[in-house]
Amino acid sequence: MRLLRHRPNQFAIAVAAILLLLLLLAGCVISPRRVVAENPSPTPTPTISPTPTPGATPSATPTPTPMAATVSPQFLFVGEADAPVVTAFRINSDGSLAPVPGSPFAIKAPAQALAAAHDILLVTTETGITAFHVEKETGFLQQTDLAGIPMTARDTPSVAGTGPQLAVLDSGERFMFVVNANQAELLQYRVERGKPLSPPIAAIPIPHSATSITVVKP
């Protein structure tokens, strides 16, 4: 009788243990929804700019090359005492001379003196002063009305005709041109610190009767 009294208790304990085990197993089951919630889709990794290598020279932004400044041409004119013409040369950037197309240009009488006023060539002859407009690009001469030319105090001595010039500087004072009447040559000198350097760098043939020269920079 004592043995029978203990068997039901053991059976109850076994049943309770089985139920407890089932409950534990049920608690360990994870629903699909929970799995999704606990394992969210991975966040994209941001792209990181490459770190500059120490000592490496960064590529410089190219600097636009400035355009060379445009240099206005200038022209040298030679007058003659025994011919009613004016010979014209273009002064190149290196000081060399190139004949102007159409040169020599006819005038009314032989020139006694030449002078420059802005873009105007002034020619003094025995009959008076004649003005010629100097075309900016070519150096071509075209007679114009002297009365319509504005003159400043600096231009007045040239207009009055103070005498022929046998030596003249270019507008940049880098070259000097000198008439050598004995050899019928126009000598070209390079100028440094305001002084011409010898010997001349070029000699251009000109008529023996050359009386005056001047430079016009339109």
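Student: How many helices and strands make up the secondary structure of the chain?

Tutor: The chain has three helices and 13 strands, where a helix is a DSSP run of H or I with at least four residues, a strand is a DSSP run of E with at least two, and numbering starts from the N terminus. The model is a predicted one, in which local features need pLDDT of at least 70 and side-chain atom pairs count only at pLDDT 80 or more, whereas totals for chains, interfaces and linings use all residues. Residues are numbered from 1 along each chain as its sequence is written, and side-chain values use heavy atoms, with hydrogens and water left out.

Student: What makes T130 count as buried?

Tutor: The relative accessible area of T130 is 15%, and buried means under 20%, exposed over 50% and partly exposed in between, with a 1.4 Å probe and protein chains only. T130 is therefore buried. Its place is in strand β7, and, leaving aside residues up to four places away in sequence, T130 touches L121, L122, V123 and Q143, a contact being heavy atoms within 4.5 Å.

Student: And why is P218 called partly exposed?

Tutor: P218 has 24% relative accessibility, so it counts as partly exposed. P218 lies in the segment after β13 (210-216). Residues up to four places away in sequence not being counted, the contacts of P218 include S72, P73 and F75 as well as V134, E135 and K136.

Student: How far apart are P218 and F75 in sequence and in space?

Tutor: The two are 143 residues apart in sequence, while their C-alpha atoms are 8.5 Å apart in space. For the chain as a whole, 49% of the contacts between residues at least 6 apart in sequence join residues at least 24 apart.

Student: Which residues touch the most other members of the largest nonpolar core, and what makes such a set a core?

Tutor: A nonpolar core is a set of buried Ala, Val, Leu, Ile, Met, Phe, Trp, Tyr and Cys residues joined through side-chain atoms within 4.5 Å. The largest one has 15 residues, of which F77, V86, L121, V123, V134 and L141 touch the most other members. Two or more residues of this core come from each of β1 (74-80), β2 (85-91), β6 (120-125) and β7 (128-134). There is also a second, separate core of 14 residues, with V78, L97, V168 and A210 among them.

Student: What does V123 touch beyond residues up to four places away in sequence?

Tutor: V123 touches V86, I107, A111, A113, L114, G128, I129, T130 and F132.

Student: How do you know that β7 and β8 pair, and in which sense?

Tutor: Two strands pair if DSSP finds at least two bridges between them. β7 and β8 have four bridges and pair in the antiparallel sense; within this pairing, V134 has L141 of β8 as its bridge partner, and F132 stands opposite Q143 in β8. The two strands form a hairpin with six residues between them, and G139 in the turn has a positive phi of about 85°. β6 and β7 likewise pair in the antiparallel sense, over six bridges, with I129 of β7 as the bridge partner of T124, and these strands form a hairpin with two residues between them.

Student: In what order do the strands of that sheet come, and what makes some of them edge strands?

Tutor: The order is β5-β6-β7-β8 in an open sheet with antiparallel pairing, and β5 (113-117) and β8 (141-144) are the edge strands, since each pairs on one side only. From one strand to the next the twist averages 35°, the axes being lines fitted to C-alpha atoms, for helices over the stretch in contact, and angles running from 0 to 180 degrees between N-to-C directions.

Student: Which strands form the open sheet that contains β10?

Tutor: Four antiparallel strands form it in the order β9-β10-β11-β12, with β9 (167-169) and β12 (195-205) at the edges and a twist that averages 25° from one strand to the next. Strand β11 (residues 185-192) pairs with β12 over seven bridges in the antiparallel sense, and the bridge partner of L187 in β12 is A203. In the hairpin of β11 and β12, R193 takes a positive phi near 55°.
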